[in-house]
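Visitor: Can we go through this one together? I'd like to begin with a single residue and its surroundings.

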Amino acid sequence: MRKKKKVNNTPDEPVVLDIKDDEIWTYQVEGLAAPHIKKSYKHYTLKKIIFTLVIIVAVSISCYFSVRTVQKETFEYSNITGETYQLTKFSNNGYITELDIDKVMSVSLDENNHNPETNFKFSKDETKTVTSIREYAFNCDEKLKVINIGAEVTEIESKAFYSCWALECIYVDENNPNYCDIDGVLYNKDKTEVICYPINHDEYLCEKYGFTQYDESGNWAELTVEDPEFEQYKKDVLTYVVPSTVTEIDELAFNYAYLADVYFPEGLKTIETLAFFKSTRLENVYTYKTDDVYEDTHFSSQEPLGEVYLSLPDGLEYIGSDAFSYNQAMSYIYIPSSVTYIGHHAFWDTVYKDGGELRGITAINVAADEAAFKDKVELGDQWCPEYDYMLFKKKVDINYSAQRAELT
C-alpha cells in the first residue's frame, strides 16, 4: 500500500498582521462579516422578538410532550391473548393513592385544572381485561396506599408489589377464583399461602383500632412502652396470627413488615426466600397448634389458639435464603428436626454487639443432634449469624439436641 505523502501546511515565514492598535477591534478579515463594534444590528428588535418566541414555543412543545409521555407511561401493558392483558408497569404521578386493577386504563389531564393533585382522571377500556400482574409492576412506589384487584386477575407474579412503602391494603374482589384477602392482606384463594402483607399495613391497623397519633410536626408517631395503651396497641397493631390453613409464607411476604410478634400454625411447611427480610421490629416467633380452622388474623390472646410454643413450628421443612436476615430485635430461634433446608444468609445480621455484649440471636437452638443435623439439612452459605470477634468473624454457637424454651 502506498503511503500518502505528509503535507506541511506550516508557512515558512511567520504571518504578521500590520494592524494599528486603535483599529484592532474593527479589523475585517477577508471573507468574513465586519465586526459590529459600536454599531447597531439591522432589525435587532425584530430578531430579538422572533428569537424569544422560538424559545417559548420550543419550551412549550417540550413540556407538552413531557406531560404526554408521563400520561402514556403511567400504565404499561402487554397483550397476552385476544382481549386479555398483563399490567407490566405502573408509574405513579405522585398523587395516586388508590388503584383498581381490572381493566386496561389510561390517565388524562384536565387542562382547566392546574392542581396536580386533582387534575387527572382514569379512563377504563371495558373491552380489555387485565388478568395478570408482572413482577416489579409496582416497584418502589411511595404514594399508593390501596390496591383493588378485580375478579378476573388470575396471576400475580412474585415481587409484583416490591417495596411499595406506603401500601396499606390489598383488597380482592370476592368473585376472584385465585386470590382473596383477609382484612387487606393478600392470600391465594384457599388461604394456603400468604402472598403479601403490605409494608405499611400497621398504619391502617392504627386507624382501624384508634391508635393513630401525630407529633408536633404533623408526622405519624408510634406509641411507646411508657404509654398506658401500649400493650393493647401491641396486640391490635404489632401482632399477627397466620391462619391455620397456611402451609407456605411466600417470597417477600412480610418483608419490612412492622410487626413485633407473629404466630405460625403448626401445619406451616415453607418459609420462602426473603419472607421476613428486614422486619426489624420482629421480636418473637410463636407457633400454635389447633384442630380447628382458625382464620382470625387479629390477636386477642393466646387462649383461642390452643397449644402455643415458642419459635418455628414442628413440621416446618424449608427456610429460604435471607428469610429472617437483619432482624436484630429477635433474641431466640429454635429449629425443629423436621427442617431439611436452610438457605444462605437465612439469619444473617441478627446478632450484634452493644457495649461489648452480644445482642439479638446469640445462639441457634436445634432439635436434632449434630450428626443428624449436618447429614439431613442442606445448608446455604453463611446461614448462621456471625459477629465481630477481634479481627475475625465468628459464628454464634449452635446448641444441638436443644430443648425448646418454655413460654414465660
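Visitor: Which residues is Asn-148 in contact with, leaving aside its neighbours within four places in sequence?
Guide: Asn-148 is in contact with Glu-98, Leu-99, Asp-100, Ile-101 and Tyr-171, where contact means heavy atoms within 4.5 Å. This is a predicted model, where local features need pLDDT of at least 70 and side-chain atom pairs count only at pLDDT 80 or more, while totals for chains, interfaces and linings use all residues. Residues are numbered from 1 along each chain as its sequence is written, and side-chain values use heavy atoms, with hydrogens and water left out.

Visitor: What joins the side chains of Asn-148 and Glu-98?
Guide: A polar contact of 3.0 Å. That term covers a pair of N or O atoms within 3.5 Å; within protein, one must be able to donate a hydrogen and the other to accept it, and residues adjacent in sequence count only if both atoms are side-chain atoms.

Visitor: Is Asn-148 buried or exposed?
Guide: Asn-148 is buried, at 19% relative accessible area. Buried means under 20%, exposed over 50%, and partly exposed in between, with a 1.4 Å probe and protein chains only. Asn-148 belongs to strand β6, residues 146–149. Strands (E, at least two residues) and helices (H or I, at least four) are DSSP runs, numbered from the N terminus.

Visitor: And Ala-372, where is that?
Guide: In helix α4, residues 370–376. Ala-372 is partly exposed, because its relative accessibility is 33%.

Visitor: New topic. How many cavities of 30 Å³ or more are there?
Guide: The search of the whole structure finds one. A cavity is a set of points on a 1 Å grid over the protein atoms alone where a 1.4 Å probe fits but cannot get out, and lining residues have an atom within 4 Å of a point.

Visitor: Which element gives the largest share of the lining of the largest cavity?
Guide: Strand β3, with three residues. The lining includes Leu-99, Asp-100 and Ile-101, and these residues are also among the contacts of Asn-148.

Visitor: How do β14 and β16 run?
Guide: They run parallel, joined by five bridges. Val-262 stands opposite Val-285 in β16.

Notes
Two strands pair if DSSP finds at least two bridges between them. On a 1 Å grid over the protein atoms alone, a cavity is a set of points where a 1.4 Å probe fits but cannot get out, and a pocket is an open set with protein on both sides within 12 Å along at least five of seven lines; lining residues have an atom within 4 Å of a point. Grid points are joined across faces, edges and corners, and a volume is the space filled by probe spheres set on the points.
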